[in-house]
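Dear colleague,

I am passing on to you the structure placed below, together with an account of what was found in it. I would be grateful if you would read the account with the coordinates open beside it.

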Amino acid sequence: MSYSLPVAAAAHADGDPSSLSVCFCFSLQARAEPGVMPRVVELFAKRGLVPQKWHSTASGEALTIDVQIAGLDRDLSGYIARCMRQITGVETVLTSETRPSG
């Protein structure tokens, strides 16, 4: 998979070229309202980023969104998580990062 310039630029912003291999995961719990998903997607889209994985489930009044994206640095992933927490309807945002073994 190739990365666009914004992803590569974000990954090298902290001076760590190996950060392209880090996958940042965001797990959100929110109210099942129509505006939540587009607001979450916008946080990536306005930076020219496309998540590798996106899974969402609406069940009754609850919405769960799981997003995985590579090529961010820790500062940017933390900033995006803080922005997610400010979205109306979002109740919880959990974050994690994984590195491929090897």
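**The sheet**

The chain contains an open sheet of 4 strands in the order β2-β3-β1-β4, and the pairing is antiparallel. Its edge strands are β2 (53-59) and β4 (90-98), each of which pairs on one side only. On average, neighbouring strands of the sheet are turned by 10° against each other, with direction ignored. Please note that this is a predicted model.

β2 and β3 are joined in the antiparallel sense by 7 bridges, and histidine 55 has aspartate 66 in β3 as its bridge partner. These two strands form a hairpin with 2 residues between them, and glycine 60 in the turn has a positive phi of about 65°. β1 and β3 also run antiparallel, with 9 bridges between them; here alanine 30 has leucine 63 in β3 as its bridge partner. Lastly, strand β1 (residues 23-31) is joined to β4 by 8 bridges, again in an antiparallel arrangement, and phenylalanine 26 stands opposite threonine 95 in β4.

**The chain as a whole**

The protein chain holds 3 helices and 4 strands, which follow the pattern α-β-α-β-β-α-β along the sequence. Of its 102 residues, 33% are buried. Among contacts between residues at least 6 apart in sequence, 72% join residues at least 24 apart. The chain exposes about 5900 Å², of which carbon and sulfur atoms supply 54%.

**Helices against the sheet**

Helix α2 (residues 36-45) lies across β1, β2, β3 (62-70) and β4, and runs at about 15° to β3. Helix α3 (residues 74-85) lies across β1 and β4, running at about 165° to β4.

**Alanine 81**

Alanine 81 lies in helix α3. Is alanine 81 buried or exposed? Alanine 81 counts as buried because its relative accessibility is 2%, which is under the 20% limit. Leaving aside residues up to four places away in sequence, alanine 81 touches Phe26, Val93 and Thr95. As for Val93, the C-alpha atoms of alanine 81 and valine 93 are separated by 6.8 Å, the two residues being 12 apart along the chain.

**A nonpolar patch on the surface**

Which residues form a nonpolar patch on the surface? They are Met37, Val41 and Trp54, which together have about 230 Å² of accessible area. Methionine 37 has its place in helix α2. Methionine 37 counts as partly exposed because its relative accessibility is 32%, a value that falls between the limits of 20% for buried and 50% for exposed.

In conclusion, the points to which I would draw your attention are the antiparallel sheet in the order β2-β3-β1-β4, the position of helix α3 across β1 and β4, and the surface patch of Met37, Val41 and Trp54.

With kind regards

Conventions:
Residues numbered from 1 in each chain as written. Predicted model: local features only at pLDDT ≥ 70, side-chain atom pairs only at ≥ 80, totals over all residues. Heavy atoms only, no water. Pairing = 2+ DSSP bridges. Axes fitted to C-alpha atoms, helices over the stretch in contact; angles between N-to-C directions. Contact = heavy atoms within 4.5 Å. Patch = residues over 30% accessible without salt bridge, like charges linked within 9 Å, V, L, I, M, F, W, Y side chains within 5 Å. Areas by Shrake-Rupley, 256 points an atom, 1.4 Å probe, with all protein chains shown as cover. Salt bridge = Lys/Arg side-chain N within 4 Å of Asp/Glu carboxyl O. Buried < 20%, exposed > 50% of the residue type's maximum accessible area, 1.4 Å probe, protein only.
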